[in-house]
Amino acid sequence: MVSSSHEALHRIFQKDPGLFARAARNLGVAFPPPVSATELSTDLTETQPLERRVDTLLRMDTEDGSFLLAVESQGEPDPRKPASWAYYLSYVYAKYRVPPVLLVVCADRGTAEWAARQVDIGPRQWPALTLRPLVLGPDDVPVIDSPDEAARDIPLTVLSAALHRRDPYADAILNALAKALKDLSADDESTAGTYIELMEQGLGKTPAAEIWRHLMAVDLSFFQSETAQKLREEGREEGREEGLVESRVKDILILLAHRGVEVTEADRERIVGCDDLDVLGRWFTKAITATSTAEVLASTGESGTPD
């Protein structure tokens, strides 16, 4: 069964085909940006009862010529994959008569290292075919933690967050992305919503997904994603402030734990004992960047007024 995080790592190239050329620069390979890009069928099935599908397949037309970009999202090493990838490239080249390039996107560093190996297919004396995939892993895409930088290239920021989702600076990337998407939504809410959905999928079930979930919850009028809608539905179903308070307290503690911020027993009791949603909301916002619980709880009493 294909996971949503798997989908996001290749679908982002469907949304912005030019992302490939920009991201490939980090690998030391210079591809010209596409003048146009056409999404092709991913179905590589033969007439025999054998189905083969590449994750994403794009025809990239540039000023220097055309090539096919096959994008595969790979979650873990699989010894069967090199043969499948070689088949994909041979098949699409035979079908379209356009040179193919294989890009493998991996959120796991070990998998990225495995996928980047050159594979010679054939006897060692004379390999008939050599497979050389381009691989984008966490170490190949920069950490984008500035809202201005994120706004300049939102698709690359989505990819950065998806690949760094298990790293300690994932929250900084997500904060920068949220600010950039909020600005984008003022002009193009539909496009912003697409990137929000891709980001939601790309984070999988990692702790970073919780951070993103609550960044969306800060302004539900903007974040119209599936998660935001679920949050609103949950709020209507629970219908009571008590449930919202309990949820927000849990969110704050999860966020602080994920960011490695130590919470004393006294601070934990203060957070758990607060029943003011406005105060809890301010504490949650502070917890996104604070380095201590003192910063989170400073200058705000449980009644919502300054201490």
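Biologist: Let's start with the sheet. What stands opposite glutamate 72?

Modeller: Valine 104, in β4. This is a predicted model, so local features need pLDDT of at least 70 and side-chain atom pairs count only at pLDDT 80 or more, while totals for chains, interfaces and linings use all residues. Residues are numbered from 1 along each chain as its sequence is written, and side-chain values use heavy atoms, leaving out hydrogens and water.

Biologist: In which sense do β3 and β4 pair?

Modeller: Parallel, over 6 bridges. Two strands pair if DSSP finds at least two bridges between them. The strands themselves are DSSP runs of E, at least two residues long; helices are runs of H or I, at least four, and both are numbered from the N terminus.

Biologist: How covered is β4?

Modeller: Mostly: 5 of the 6 residues in β4 (100–105) are buried. Buried means under 20% relative accessible area, exposed means over 50%, and partly exposed lies in between, with a 1.4 Å probe and protein chains only.

Biologist: And β2, how many of its residues are buried?

Modeller: 6 of 7, over residues 56–62.

Biologist: Which way do β2 and β3 run, parallel or antiparallel?

Modeller: Antiparallel, with 7 bridges joining β2 to β3 (residues 65–73). The two form a hairpin with 2 residues between them. Aspartate 61 stands opposite serine 66 in β3.

Biologist: What about β1 and β2, how many bridges there?

Modeller: 4, with β1 (residues 36–39) antiparallel to β2. Glutamate 39 has leucine 58 of β2 as its bridge partner.

Biologist: Switching to rings. How many aromatic pairs?

Modeller: The structure holds 6. Rings of Phe, Tyr and Trp (its six-membered ring) pair if their centres lie within 6.5 Å; planes under 30 degrees apart count as stacked, over 60 as edge-to-face, the rest as tilted. One of the pairs is phenylalanine 31 with phenylalanine 67, tilted, at 5.2 Å centre to centre and 40° between the planes.

Biologist: Where do those two sit in the chain?

Modeller: Phenylalanine 31 is in the loop between α2 (19–24) and β1, and phenylalanine 67 is in strand β3. They are 36 residues apart, so the pair links distant parts of the chain.

Biologist: Why is phenylalanine 67 classed as buried?

Modeller: Because its relative accessible area is 9%. Phe20, Phe31 and Phe67 form one aromatic cluster.

Biologist: Which charged ends sit over rings?

Modeller: Among them, the end of lysine 15 lies over the ring of tyrosine 195, 5.7 Å from its centre. Arginine 248 does likewise over phenylalanine 284, at 4.9 Å. The test is NZ of Lys or CZ of Arg within 6 Å of the ring centre and within 35 degrees of the ring normal.

Biologist: Leucine 27 next. Where is it?

Modeller: In the loop between α2 and β1. Leucine 27 counts as partly exposed because its relative accessible area is 27%.

Biologist: What is leucine 27 in contact with, leaving aside neighbours within four places?

Modeller: Leu134, Val135, Leu136 and Asp140. Contact means heavy atoms within 4.5 Å. Leucine 27 and aspartate 139 are 112 residues apart in sequence and 9.9 Å apart in space, C-alpha to C-alpha.

Biologist: And aspartate 171, buried or exposed?

Modeller: Buried, because its relative accessible area is 8%. Aspartate 171 is in helix α7 (residues 170–187). Not counting residues up to four places away, aspartate 171 touches Ile211, Arg259 and Ile288.

Biologist: How far does α8 reach?

Modeller: α8 (residues 189–202) has 14 residues and reaches 20 Å from first C-alpha to last. That is close to the 20 Å expected at 1.5 Å a residue, where the expected span is 1.5 Å times one less than the number of residues. Glycine 204 follows α8, with a positive phi near 55°.

Biologist: Last thing. What pLDDT does the chain average?

Modeller: 85, and 86% of the residues score at least 70. pLDDT is the predictor's confidence in each residue, from 0 to 100. Over residues 301–307 the pLDDT is below 50, though this stretch has 19 contacts in the model beyond near neighbours in sequence. Where pLDDT is low, the predicted coordinates should not be read in detail.
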